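Subject: Handover of a two-chain structure

Hello,

Here is the structure I said I would pass on. Please look through it before you read my notes below.

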Amino acid sequence: MDENHRLDFADIIASTIHDTKNTIGMIFNTLEEMTARCGRQGCAHHQDLFLLQYEIKRLNNGLIRLLALYKAQKVPLSVNINLHSLRDCLEEVIDQNEPVLISRGIDLELDCPDDLFWSFDKGLVVGILDNVLNNAYRYTKNRLKITAKKEGGYLILGVEDNGPGYPPGFIMDGSFPEDMTKSVSFLTGNTGLGLYFSLLVAAAHRRENRRGYIRIANDGALGGGIFTLYLP
Amino acid sequence: MNHSHDEPTKAWSRKKVLLVDDFRNFIVTMRNMLASLGFVIIDTAHNGEEAVDRIMSRRYDIVLCDYNLGPGKDGQQVLEEVKQRQLLSPLTIFMMVTAENSLEMVMGAAEYQPDEYLIKPFTKQVLEKKIRRLMEKKESIRRIEKKMEAMEYQEALEICEELIGQHPQHLADLLKIKGDLLIKKGAYEEAQRFFHEISSLGKFPWALLGQGRINYLQGRYEEAEKIYRELIRANDKIMAAYDELAKTLTKLGRFPQAQEILMQAVEVSPKAVRRQRELGEIALRNQDLDTAQKAYSRAVKEGKFSCYKSPDDYTGLAKVLAENAAPEKGLKVLQEAAAEFSQDVPSLVRISVAKSVAFMKMNKPEQARKEIDAAMKIINKDPATFNPAVGMDLARTLLSQGDGKLGREFLRRIVQSNHEDETILSNVKEMCKELKLEGEGEKWLEEAVEEVVRMNNEGVRLVQSGDLKTAIRYFEKATETLPENKLINANAAYALMLYLKAKGPEPDKLTKVRNYLSRVHRLDADYPDLPKLVSIYRQLTQVQLPWMKTID
């Protein structure tokens with residue numbers, strides 16, 4: 001095979017992901033039906049099915065992120081800015097996660113004014129929050145809190161829990177890391193790709209000469225970790 | 001937070017849903033999900049073409065359409081087509097289902113955006129909530145849409161303001177609608193201020209496009225150019241910005257730059273037929289025949305799947321081939337076109353005229369003449385098949401055949417039908433220059449324009465003098481002479497309506513009014529005085545204007 005006919009490996013991966021995602025989607029929805037049926041009949045595996053649903057969702061999120069990163073490598077990340085009601089967006093994130101919240105007995109609190117509007121790319125931001133929530137389940141004891149407010153020209157979105165907090169390597173004060181590859185550690189098992197993607201999305205939101213950033217700390221009101229997204 | 005959603009919603013059992021996906025398993029899953037939400041009427045389509053057919057034949061409340069639909073149209077093209085052809089009621093909820101959350105969303109970012117994106121997989125509850133929210137939104141804008149449809153823009157604006165107060169959760173949509181309404185109403189200054197205020201909230205593509213459009217409409221082309229360029233710099237996927245920028249540059253006479261922009265645009269999104277056609281047109285004008293040929297060929301190819309399919313793609317390609325010393329190939333393209341559009345009379349006129357151009361290049365004046373005669377026969381029978389583009393080609397062939405009288409007659413008809421359209425006037429001027437009709441041409445053209453102005457002024461004077469009967473007769477004759485002139489038709493309708501207002505309704509006169517207004521609408525749906533005329537018409541009668549579909 002000559003140079004021109006060789007397929008780009010990244011393209012192969014991307015097309016395989018698309019295909020895999022279809023299957024995952026099927027499993028996800030079938031499982032959802034099963035879970036509902038199971039719930040009505042009060043069968044013993046009800047909780048296990050919720051857990052499966054959660055794991056499948058993680059798998060799916062990972063693939064979505066991969067696709068997004070694949071595209072971000074080819075062309076710069078494009079943002080589709082519009083004005084959004086924060087309450088609508090955050091309720092959407094919560095709706096997406098409701099099955100898991102219920103199954104794990106996690107109490108989620110939303111603190112967001114009804115009249116809060118901000119300009120951002122809804123698809124991307126909802127995607128980040130969904131990911132953060134998905135992670136937070138694994139570490140929280142039993143409480144989660146999502147907050148939204150505006151302050152100092154930024155929209156501030158926080159996700160906090162009452163778990164043991166983020167490990168030291170994850171703490172981030174808001175600056176964009178000089179060398180992102182350092183935070184992507186394949187050794188620790190957590191590839192940090194989610195974080196990398198969140199940073200890309202945050203930074204892609206610009207206004208005049210300010211841009212979005214992320215803060216990760218352990219000083220939340222619930223006593224655990226707190227992830228904060230700042231959007232100008 | 002834990003609601004039970006196991007009982008189907010009764011109110012949804014009468015709503016009509018269309019599911020579009022090429023993946024049959026997914027259709028089955030979705031059908032079950034929708035059924036468990038209480039939907040009963042669920043149709044399906046497995047590709048883009050089928051989806052358009054379904055939407056054409058039934059009015060759906062909800063369309064759930066996957067973005068990836070295999071070969072043929074994708075979800076975005078389905079959406080654009082049904083919106084462009086006005087097959088989709090503004091009250092229909094259109095949700096785009098995607099496998100990921102990136103590129104495709106941005107592609108439709110400015111103009112043809114679905115009501116919502118659904119990222120696969122999603123739970124029943126997410127779907128239910130989104131539908132509920134969107135139904136609420138559609139319900140709240142129903143009143144605005146009704147007024148908009150009726151061209152009652154002021155009333156629509158008032159409702160819009162009222163809703164912004166009542167339903168802040170729909171703020172983004174309502175603001176966008178408000179911007180559209182201000183432009184439609186012709187309140188350019190106010191629109192300018194509005195978009196300026198919006199820009200302090202963020203750089204929304206729709207608001208920047210609106211700002212550009214306002215500047216364009218008011219003749220501030222350099223300003224418009226700056227805005228569009230900024231928009232593209234910030235996000236190179238907003239295709240409408242390229243199109244508007246190219247239009248603006250054309251207005252500024254910077255044709256090579258306009259071509260360059262369209263070339264960038266087709267690089268990003270090569271499937272858009274109209275854009276390829278426009279690129280072909282401008283490249284031909286710039287004598288960049290290779291680019292023109294490539295663009296027109298692509299337009300022909302993509303047009304097979306598109307609502308934008310047009311004989312102009314074929315005639316354009318044939319023209320390029322003729323100029324590129326291959327008129328025989330051009331003729332072949334036109335024969336293909338004649339087969340493709342065999343049922344469409346206006347298209348056949350255009351194709352015949354284009355054939356005549358090719359025959360001229362091949363030095364076959366008799367055959368060229370035959371095509372011309374065929375075209376003219378149709379035009380004489382049905383004047384609606386005539387348009388400036390056809391007229392220009394007709395005139396060109398006739399003039400280069402030495403039939404100066406008839407050729408000039410066509411040019412005159414174009415000029416007098418469009419005496420206020422600077423682009424058309426300058427095209428005619430250029431052609432006169434090219435065919436060396438210059439010296440006499442310039443003066444002749446001005447006189448033709450003046451004649452229409454005089455004719456119209458005389459009618460207006462009669463209206464103002466109060467002799468409406470004479471004015472009506474006068475304009476009626478004028479519309480016979482110039483059936484394609486918007487201003488004359490609009491004033492003919494106006495004079496009649498003033499008369500009816502004073503004397504009370506007369507059915508046959510109302511029919512005439514409807515005909516004039518329909519003609520204006522057919523010639524230019526955005527004719528600035530049309531809303532005003534429609535509102536006067538409404539005071540006279542309840543009878544619906546023929547081009548208006550009713551929103552219930």
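To start with one pair of residues, Leu64(B) has Met95(B) as its bridge partner in β4(B). The model is predicted, with local features requiring pLDDT of at least 70 and side-chain atom pairs counted only at pLDDT 80 or more, while totals for chains, interfaces and linings use all residues. Residues are numbered from 1 along each chain as its sequence is written, and chains are lettered from A and ligands numbered from 1 in the order in which they are written.

Sheet of chain B

Leu64(B) and Met95(B) are bridge partners where strand β3 (residues 62-66) meets strand β4 (residues 93-98) of chain B, two parallel strands joined by 5 bridges. Helices (H or I, at least four residues) and strands (E, at least two) are DSSP runs numbered from the N terminus, and two strands pair if DSSP finds at least two bridges between them. In chain B, 5 strands make an open sheet with parallel pairing, in the order β2-β1-β3-β4-β5. Its edge strands are β2 (41-45) and β5 (116-119) of chain B, each pairing on one side only. On average, neighbouring strands of this sheet are turned by 20° against each other, direction ignored. Axes here are lines fitted to C-alpha atoms, for helices over the stretch in contact, and angles run from 0 to 180 degrees between N-to-C directions.

The loop between β5 and α5 of chain B holds Pro121(B). A cis peptide bond, with omega about -10°, joins Lys120(B) to Pro121(B). Most residues other than glycine have a negative phi, and most peptide bonds are trans.

A helix pair in chain B

The axes of α17 (residues 345-361) and α18 (residues 365-381) of chain B come within 8 Å and cross at roughly 160°. That makes α17(B) roughly antiparallel to α18(B) (angles under 35 degrees count as roughly parallel, over 145 as roughly antiparallel, 65 to 115 as roughly perpendicular and the rest as oblique). The crossing of α17(B) past α18(B) is left-handed (the near helix is turned anticlockwise from the far one by less than a right angle; clockwise would be right-handed). Residues in this contact include Val349(B) and Phe359(B) of α17(B) and Ala368(B) and Ile372(B) of α18(B). Two residues are in contact if their C-beta atoms, placed from the backbone, lie within 7 Å. By class, the contact of α17(B) with α18(B) has 12 nonpolar, 3 polar and 2 charged residues (Ala, Val, Leu, Ile, Met, Phe, Trp, Tyr, Cys and Pro are nonpolar, Asp, Glu, Lys and Arg charged, and the others, Gly among them, polar).

Domains of chain B

The assignment for chain B gives domain 1 (10-144), domain 2 (152-253) and domain 3 (461-540); such bounds come from an automatic or database domain assignment. The C-alpha centres of domain 1 and domain 2 of chain B are 27 Å apart. Between them, 10 residues of domain 1 of chain B contact 15 residues of domain 2 of chain B. On the domain 1 side, α4 (103-107) and α5 (124-149) of chain B are the elements that give two or more residues. The largest share of that side, 5 residues, comes from α5(B).

Chain A

Chain A is divided into domain 1 (3-74) and domain 2 (82-231), with C-alpha centres 22 Å apart. Their contact takes 12 residues from domain 1 and 10 residues from domain 2 of chain A.

An open sheet of 5 strands in chain A has the order β2-β4-β5-β9-β8 and mixed pairing. At its edges stand β2 (107-111) and β8 (213-217) of chain A, each with a single partner strand, so one side of each is left without a neighbour in the sheet. Strands β5 (residues 154-161) and β9 (residues 226-231) of chain A run antiparallel and are joined by 6 bridges. Val159(A) stands opposite Phe227(A) in β9(A). Helix α3(A) lies across β2 and β4 (143-151) of chain A, running at about 180° to β2(A).

Glu208(A) has a phi near 50°, a positive value in a residue other than glycine. The loop between β6 (206-207) and β7 (210-211) of chain A is where Glu208(A) is found.

Between the chains

The contact takes 35 residues from chain A and 35 residues from chain B. On the chain A side, the largest share, 10 residues, comes from α1(A). By class, the side of chain A that touches chain B has 13 nonpolar, 14 polar and 8 charged residues.

Regards
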